[in-house]
Amino acid sequence: MKRETGVLLLLGAAHSLNHSLFLVLPPLLEDISRDLGASFQTLGLVTTVAFLLYGLGALVGGPLSDRMGHVRIARVSIGLAGVSTLVFLLPSSLVVFGAGLWAIASWASFYHPTANTLIAKLYTEYTARSMGIHGASASVGQMLTPTVAYLIGTAFHWRYAFVFFGAASMATSLLMRRIPPVQDPARAERTPLLEILRVPGLWVLIFYNVVIGLFQRGVELFFPTFLTVERGFPGRLAALFNSLLLLIGVAGQLMGGWASDRYSSKRFLVVASLGMVVSMLFLLLLPFRSAGVVAFVVLYGLFFFGHQPTMTSLLGSVSPMDLMGMAYGVMFFFAFGLGSVSTTISGYLADNFSLEAVFWIMALFSFMTLVISLVIPRVVKDRASGNKQ
């Protein structure tokens, strides 16, 4: 058990850096746009391609880890994603920026299905709670990323902010060498993708993850810029609010994991989806703008991050054990891959209308997740009878 706890915490650090490599971008978006002479729409398109690669790689990472070992693939993912940040040390241009971000996304894409498959198989009794701890430990590191990235980027250059987190990723990959094998890699032959798509009820979970990806990516990329442009916050305060959101996300991850194991993943998913809708309405409609931002940060932090261990444990509960790696790969492809078009949509709306319009569209996506969550309990059946998830 002590070894398993250590594995969970070290994976949490890797998980944190996996996201931190992307969280460097939002607080420095204006600086990068100005330095590269690129519009928000152009940067949104570059980011869309990055997250499409991030999603596509998940289809490879899950099955690959089943055959080669979960720890080995996780180490490769976090280590080479970190190495990829060195591309930003080349002379600044849109081509260099795109190449660096796409290389990071390609290597980082292996992590999520690999780690979640490992956790689902290792912690079978309290899967959602373990997923929550994994996510919460990541959020502890992530919450510092926007502020640290902003300070490094403004004091030196935006590219050094990426390299800083890339170096931390490489160091974490080396530390993961100390993790002993926790299980033998599966020796199963390649499983056709259509096989996993035949799992009863999986399509509605996929649909939910597409929409949540559309919602998340737009909010994640443009929230700090929304605060500075639309709400008049200084850059440092916007970065601080972004970090505070991730801090509250720690509590959200733990709450979501506990509530899903204690009550039901299906039921809590409805609660979390409702909370996301309310958070967006508070941000957009409260007459006192500071109050709206604070309310959004608290509710979005609790319920968006709370839904994550809920969804990952729910998928594990409906997936056959021998198909679990591929199931997580498919889930993350649809969430991170297809959902990534949100950044292009958001960039277009920001350039041609306003960031206010961007967040109204994100509010619409959040309402769609609520509608889908109400359908899930009726159509999704658990793998094992009697599983309350």
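This passage describes the fold, the confidence, the packing and selected residues of one predicted protein chain.

The structure is a predicted model, in which local features need pLDDT of at least 70 and side-chain atom pairs count only at pLDDT 80 or more, whereas totals for chains, interfaces and linings use all residues. Residues are numbered from 1 along each chain as its sequence is written, and side-chain values use heavy atoms, with hydrogens and water left out.

The chain contains 17 helices and 0 strands. Helices (H or I, at least four residues) and strands (E, at least two) are DSSP runs, numbered from the N terminus. Of the 389 residues in the chain, 60% are buried. Here buried means under 20% relative accessible area, exposed means over 50%, and partly exposed lies in between, for a 1.4 Å probe and protein chains only. Among the contacts in the chain with a separation of 6 or more, 85% join residues 24 or more positions apart; a contact means heavy atoms within 4.5 Å.

Confidence is given as pLDDT, the predictor's confidence in each residue, from 0 to 100. The chain has a mean pLDDT of 81, and 87% of its residues reach 70 or more. Helix α9 (residues 158–175) has the highest confidence, at a mean of 92, and helix α10 (residues 193–197) the lowest, at 63. Over residues 184–189 the pLDDT stays under 50, and the model has 8 contacts beyond four places in sequence for this stretch. Residues 384–389 also have a pLDDT below 50, with 16 contacts in the model beyond near neighbours in sequence. Where pLDDT is low, the predicted coordinates should not be read in detail.

The largest nonpolar core has 111 residues. Such a core is a set of buried Ala, Val, Leu, Ile, Met, Phe, Trp, Tyr and Cys residues joined through side-chain atoms within 4.5 Å. The residues with the most contacts inside the largest core are Phe 97, Phe 162, Leu 205, Phe 215 and Phe 359. Helix α11 (residues 202–229) gives the most to this core, contributing 16 residues. Apart from neighbours within four places in sequence, Phe 215 is in contact with Met 276, Met 280, Tyr 300, Phe 304, Met 362, Phe 365 and Ser 366.

Two packed helices are described by the angle between their axes and the distance between the axes. For helix α8 (residues 145–155) and helix α12 (residues 235–262), the angle is about 150° and the axes are 7 Å apart. The two helices are therefore roughly antiparallel. Axes are lines fitted to C-alpha atoms, for helices over the stretch in contact, and angles run from 0 to 180 degrees between N-to-C directions. Angles under 35 degrees count as roughly parallel, over 145 as roughly antiparallel, 65 to 115 as roughly perpendicular and the rest as oblique. On the α8 side, the contact is made by Pro 146, Thr 147, Tyr 150 and Leu 151; on the α12 side, by Gly 235, Arg 236, Ala 239, Leu 240, Asn 242, Ser 243 and Leu 246. By class, this contact has 6 nonpolar, 4 polar and 1 charged residues. Ala, Val, Leu, Ile, Met, Phe, Trp, Tyr, Cys and Pro count as nonpolar, Asp, Glu, Lys and Arg as charged, and the others, Gly among them, as polar.

Ser 84 lies in helix α4 and is buried at 8% relative accessibility. Thr 85 is in the loop between α4 (70–84) and α5 (94–108) and is buried, with a relative accessible area of 0%.

Helix α17 (residues 355–379) holds Met 368, which counts as partly exposed at 30% relative accessibility. The C-alpha atoms of Met 368 and Tyr 208 are separated by 8.4 Å, although the two residues are 160 residues apart along the chain. Ser 373 also lies in helix α17 and is buried, with a relative accessible area of 0%. The C-alpha atoms of Ser 373 and Leu 269, 104 residues apart along the chain, are 6.3 Å from each other.
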